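Trainee: I would like to learn how to read salt bridges in a model. Can we work through some together?

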Amino acid sequence: MNSSIRLLFLLTACSIVLSASGIVAQPLGTWKLLNPIQSFTVRTNPLDGKKILVGNWANRLYRSDDGGTTWYVVETGSTSATNFLTSVHIPSRDTSIALVGGFAFTGIKRGISNGEFTTVLSDPSFRRMIFVSEAITEDADGNLFAARGSTYNSIWKSTDNGATWDSIAVIPTDETSKLLTIRAHPTIPSLLFVGAANARIYRSSDGGLTWTSVPVLNGKHTMYPGTEVSQIAFSTINPEVGYAAVTIIDRGTTNDGGILKTSNAGLNWDRVAFPDTSFWAVSVRTLPGGKEEVVAGGFRQRTIPSKECVGDSLVFRSVDGGQTWERYQNIHWVISDPDSPIKNVWSLHVAPADNKLYMATEQGVYVMDDVPLSVSGSATAKGGLSISQHSDALFVSDMFPTQEPQAWSVYSTDGTRIAGGEVHCSQHQQISLGHCASGTYILVWGSQRSYRTVPFMFTR
């Protein structure tokens with residue numbers, strides 16, 4: 001089994017409420033790990049929330065069609081490439097299509113979600129076209145827009161689900177050196193936003209043809225040059241309200257970073273929380289009863305020591321428009337790559353089909369379980385795997401066996417591998433757990449190209 005497939009089960013998280021009155025402990029929902037691989041973006045099918053795409057590195061996508069139980073590796077190009085898929089989009093008008101871009105990428109690739117990707121946008125001079133952070137977006141009319149970052153600050157538009165692209169605007173490089181993200185307003189036609197280096201935000205009210213820099217902090221249009229606006233999200237209930245994450249890339253001053261808010265459809269912004277704290281991801285989700293939840297994920301540049309920059313491993317939420325914030329204090333961060341132990345949050349995504357909240361991090365992709373997960377009984381069936389316990393042994397039957405060599409592993413809830421081996425009989429594999437205490441465990445079953453993850457309860 002690939003060493004990156006180190007599954008763990010996320011325990012119930014608690015939070016800290018930060019307010020002027022002090023610190024109050026309060027329970028929150030649970031972040032459940034779906035796939036312990038480096039994840040730089042996560043997107044779901046607009047019509048089917050069980051279909052998930054996760055951007056990995058070296059041209060790899062991870063695809064699930066069953067809500068994150070079974071995963072398949074999709075290669076969008078050579079797996080020897082040193083690139084990172086940080087922008088993935090599934091057009092609402094044709095959900096069989098996926099578009100990908102990212103760091104050190106060749107442009108934008110387009111294909112069906114299970115493979116066969118081709119380049120649909122590239123530089124004619126063979127210069128790399130970088131699409132940094134959720135840099136592909138879609139407006140309410142189904143038009144697609146992309147922001148090319150780093151050196152060439154160009155805006156691109158597609159009206160045919162990403163098959164062809166036209167350059168429609170350029171943002172001056174003497175104002176900002178990099179475009180990171182682009183966001184179409186969810187309800188106001190022709191309104192677009194770009195987050196850029198120098199903590200700049202650009203606004204367009206004519207569908208991306210012209211752009212205006214808007215204030216971001218105390219009436220100023222920029223922060224310290226070592227800051228970037230990496231993601232932008234808007235309310236669907238109140239179209240005037242939006243939020244932006246500010247990342248600290250270089251520590252050369254104070255009073256930078258944090259979460260910005262606008263209350264006038266992006267005409268001007270100001271910091272609502274977390275000065276001198278670095279964030280990369282932000283989302284807005286509607287909750288039952290009409291309330292909204294703002295969630296922000298932290299980030300730290302590897303070149304900055306942790307004592308100089310607060311950010312990685314931080315995940316906060318606010319349900320009162322940013323006045324107070326609750327921290328997910330007990331997220332169980334798995335180190336899926338020992339060579340890269342940093343706990344950065346790269347993307348937060350609200351699934352259009354079912355309103356679930358997903359989080360792509362450097363250590364894996366998670367889903368928010370608003371109701372804590374429980375596993376009861378001595379038998380369970382998930383993803384075509386039937387699991388039952390007899391005495392101190394586990395018996396596993398696979399209703400969908402493959403011809404590929406397969407392996408199994410059992411993990412404790414803290415990510416420790418308890419046992420593992422080859423699958424000798426997919427219809428009746430016996431696994432001895434006589435040395436295990438009663439409790440919840442995770443079974444990982446499959447090959448390096450596709451595998452399933454199933455929680456189960458073991459009793460003695």
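Trainee: Let me start with one residue. Is Glu228 buried or exposed?

Mentor: This is a predicted model. Glu228 counts as buried, with a relative accessibility of 7%.

Trainee: Which side chain does Glu228 meet in a salt bridge?

Mentor: General idea to begin with. Side chains of opposite charge can pair when their charged atoms come close. Here, Glu228 pairs with Lys178, at 3.0 Å from N to O. Lys178 is partly exposed, at 24% relative accessible area.

Trainee: What parts does the pair tie together?

Mentor: Look at the elements. Glu228 sits in strand β20 (residues 227-234). Lys178 sits in the loop between β15 (166-170) and β16 (179-184). The pair therefore ties together parts that are 50 residues apart in sequence.

Trainee: How many salt bridges are there by this rule?

Mentor: The count is 12. One of them joins Arg251 and Asp256, with the closest N and O atoms 2.6 Å apart. Asp256 is buried at 0% relative accessibility. Arg251 is partly exposed at 23%.

Trainee: Which residue forms a salt bridge with Glu293?

Mentor: Arg317 does, and the closest N and O atoms are 3.1 Å apart. This pair links distant parts of the chain, 24 residues apart. Glu293 is in strand β25 (residues 292-298), and Arg317 is in strand β26 (residues 315-318). Both Glu293 and Arg317 are buried.

Trainee: Which residues do salt bridges that share partners join into one network?

Mentor: Arg285, Glu293, Arg317 and Glu326.

Conventions:
Residues are numbered from 1 along each chain as its sequence is written. This is a predicted model: local features need pLDDT of at least 70, side-chain atom pairs count only at pLDDT 80 or more; totals for chains, interfaces and linings use all residues. Side-chain values use heavy atoms; hydrogens and water are left out. A salt bridge is a side-chain nitrogen of Lys or Arg within 4 Å of a carboxyl oxygen of Asp or Glu. Helices (H or I, at least four residues) and strands (E, at least two) are DSSP runs, numbered from the N terminus. Buried means under 20% relative accessible area, exposed over 50%, partly exposed in between (1.4 Å probe, protein chains only).
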